[in-house]
Amino acid sequence: MAVRDITAPYSRLTSKLYDRMVAPSVSAMAEPVEHTLLNRGSLDHGHVLDVGCGGGQISLGLAARHPRVRITGVDLSVDQIRRAQRRNEWPERVSFTTGDALELPFPDAMFDAVFS
């Protein structure tokens with residue numbers, strides 16, 4: 001039996017399948033994350049990091065509901081980041097970048113909250 005390397009970026013096909021089959025369920029479970037961020041005040045004027053953002057569904061949902069929050073999404077998959085960027089209606093406060101969760105490309109203390 002072959003073991004999939006979970007640190008490998010998604011392929012274009014895997015990204016598309018994820019968007020259609022997995023992302024809707026993951027997005028539906030985002031309410032507790034949003035509630036926690038609201039309680040911490042991070043959605044008022046904060047800067048939030050979404051680690052493993054995929055196609056940006058959760059980040060963009062937060063941006064739509066909270067117009068003062070800044071969000072940065074990071075994901076291993078170049079294709080998923082491209083999908084997120086194409087969907088992004090708020091480029092002045094929401095950005096997406098390719099990166100590894102184990103070696104984040106950001107300085108310390110840049111974010112008010114992080115979720116994955």
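**Secondary structure, cores and selected side-chain contacts**

Beyond its neighbours within four places in sequence, G46 is in contact with G41, R68, V69, R70 and D112, a contact being defined by heavy atoms within 4.5 Å. The model is predicted, so local features need pLDDT of at least 70 and side-chain atom pairs count only at pLDDT 80 or more, whereas totals for chains, interfaces and linings use all residues. Residues are numbered from 1 along each chain as its sequence is written, and side-chain values use heavy atoms, with hydrogens and water left out. G46 is placed in the loop between helix 2 (31-40) and strand 1 (47-51). With a relative accessibility of 5%, G46 counts as buried; the class buried covers values under 20% relative accessible area, exposed covers values over 50%, and partly exposed lies in between (1.4 Å probe, protein chains only). A separation of 8.4 Å is found between the C-alpha atoms of G46 and I71, which are 25 residues apart along the chain.

The protein contains four helices and four strands. These elements are DSSP runs numbered from the N terminus, with helices taken as H or I runs of at least four residues and strands as E runs of at least two. Their order from the N terminus is α-α-β-α-β-α-β-β. Of the 116 residues in the protein, 41% are buried. Where contacts link residues at least 6 apart in sequence, 64% of them join residues at least 24 apart. The protein has an accessible surface of about 7200 Å², and carbon and sulfur atoms account for 55% of this area (Shrake-Rupley method, 1.4 Å probe; for residues, only the protein chains shown count as cover).

Nonpolar cores were assigned as sets of buried Ala, Val, Leu, Ile, Met, Phe, Trp, Tyr and Cys residues joined through side-chain atoms within 4.5 Å. In soluble globular proteins, nonpolar side chains tend to be buried together. The largest nonpolar core comprises 18 residues, and L37, V48, L62, V94 and F96 have the most contacts inside it. Two or more residues of this core come from each of helix 3 (57-65), helix 4 (78-87), strand 3 (94-98) and strand 4 (113-115). Helix 3 contributes the most to this core, namely four residues. Apart from this core lies another, of five residues, which include V51, V74, F106 and F111. For V48, residues up to four places away in sequence being left out, the contacts are L37, S42, L43, V69, R70, I71, T72, F111, A113 and F115.

For aromatic pairs, rings of Phe, Tyr and Trp (its six-membered ring) must have centres within 6.5 Å; planes under 30 degrees apart are classed as stacked, over 60 as edge-to-face and the rest as tilted. By this rule, one aromatic pair is counted. The pair is formed by F106 and F111 in an edge-to-face arrangement, with 5.2 Å centre to centre and 90° between the planes. Both F106 and F111 are buried.

T72 belongs to strand 2 (residues 70-75) and is buried at 6% relative accessibility. The side chains of T72 and H47 are joined by a polar contact of 2.8 Å. Such a contact is a pair of N or O atoms within 3.5 Å; within protein, one atom must be able to donate a hydrogen and the other to accept it, and residues adjacent in sequence count only if both atoms are side-chain atoms. Outside four places in sequence, T72 is in contact with H47, V48, L49, D50, S95, F106 and F111.

N88 occupies the loop between helix 4 and strand 3. This residue is buried, its relative accessible area being 15%. A polar atom of the N88 side chain lies 2.8 Å from the backbone nitrogen of W90. With neighbours within four places in sequence left aside, the contacts of N88 are L60, V94, S95 and F96.

The structure holds one salt bridge, the criterion being a side-chain nitrogen of Lys or Arg within 4 Å of a carboxyl oxygen of Asp or Glu. The salt bridge is formed by D79 and R83, whose closest N and O atoms are 3.4 Å apart. Because D79 and R83 are four residues apart in helix 4, about one helical turn separates them. D79 is buried at 9% relative accessible area, and R83 is also buried, at 13% relative accessibility.

Most residues other than glycine have a negative phi. A109, a residue other than glycine, has a positive phi near 60°. A109 sits in the loop between strand 3 and strand 4 and, at 79% relative accessibility, counts as exposed.
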